[in-house]
Each structure stands twice: as C-alpha cells, then as structure tokens.
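Colleague: Before I use these labels, I want to know where they come from. Can you take me through them?

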Amino acid sequence: MLRRIGILAVVALATACLTGAPPATAEEGPEQIPNGTFDTTTDPWWHTANLNFELSDGRLCTDVPAARPTPGTRSSASTTSRW
C-alpha cells in the first residue's frame, strides 16, 4: 500500500512538472553599457590626460603607467601594464 502511494506521488509530481505553464519569455532589454563593443569609436568612454585609448579587435586598450613609489621608499620600477 505504501509503495503504491509512493509511485502515485512520483507520477503526480512528474505530471505536474511536465504540464506546468511554460516560463514567461522576456524581451531582450536595452544595452546597459553604451558602446560596449568598441566597433568604431571610444565615445562615450573617457580617460585621464596620462592615458591614450586605442581600439584593437573590438577591445579598448591603453598603456597604464606603473604606480609611483610611496614617499620615503626606494623603487626603480618604471614599467607599464597593457590593459
């Protein structure tokens, strides 16, 4: 008797899952990042005076100067990082 009730419960649950209403489909929303593809221009993105933007294969690139040493310390680092 318990086995029969268990089987009926599984069948009822499976039926409910299979015949339930399909999920609502949302329309594609607006692009949240203006010019996130960098196809032809860097607008409206901005940078500080010590950086120059370049477009490369749909990517926005710049050379970022290395951080300056903390006052009172010695450092000979003068590298740049490519982002």
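What follows sets each label against its cut-off.

Modeller: This is a predicted model; local features need pLDDT of at least 70, side-chain atom pairs count only at pLDDT 80 or more, and totals for chains, interfaces and linings use all residues. Residues are numbered from 1 along each chain as its sequence is written, and side-chain values use heavy atoms, with hydrogens and water left out.

Colleague: What is the mean pLDDT of the protein chain, and where is confidence lowest and highest?

Modeller: The protein chain averages 74, and 65% of the residues score at least 70. That score is the predictor's confidence in each residue, from 0 to 100. Strand β4 (residues 80-82) is lowest, at a mean of 54. Strand β1 (residues 54-56) is highest, at 90. Where pLDDT is low, the predicted coordinates should not be read in detail.

Colleague: Which elements does the protein chain have, and in what order?

Modeller: It has 1 helix and 4 strands. From the N terminus on, they run α-β-β-β-β. Helices are DSSP runs of H or I, at least four residues; strands are runs of E, at least two.

Colleague: Why is T62 called buried?

Modeller: Its relative accessible area is 9%. Buried means under 20%, exposed over 50%, partly exposed in between (1.4 Å probe, protein chains only). So T62 is buried. T62 sits in the loop between β2 (59-61) and β3 (63-65). Of the 83 residues in the protein chain, buried ones make up 5%.

Colleague: What makes T62 and N52 a polar contact?

Modeller: A polar atom of the T62 side chain lies 2.9 Å from the backbone oxygen of N52. The rule asks for a pair of N or O atoms within 3.5 Å, one able to donate a hydrogen and the other to accept it; residues adjacent in sequence count only if both atoms are side-chain atoms.

Colleague: Why is the pair of F38 and W45 called tilted?

Modeller: The structure holds 1 aromatic pair. The ring centres of F38 and W45 are 5.6 Å apart and the planes stand at 50 degrees, so the pair is tilted. Rings of Phe, Tyr and Trp (its six-membered ring) pair if their centres lie within 6.5 Å; planes under 30 degrees apart are stacked, over 60 edge-to-face, the rest tilted. F38 is buried at 12%, while W45 is partly exposed at 36%.

Colleague: Is D57 buried or exposed?

Modeller: D57 has 72% relative accessibility, so it counts as exposed.
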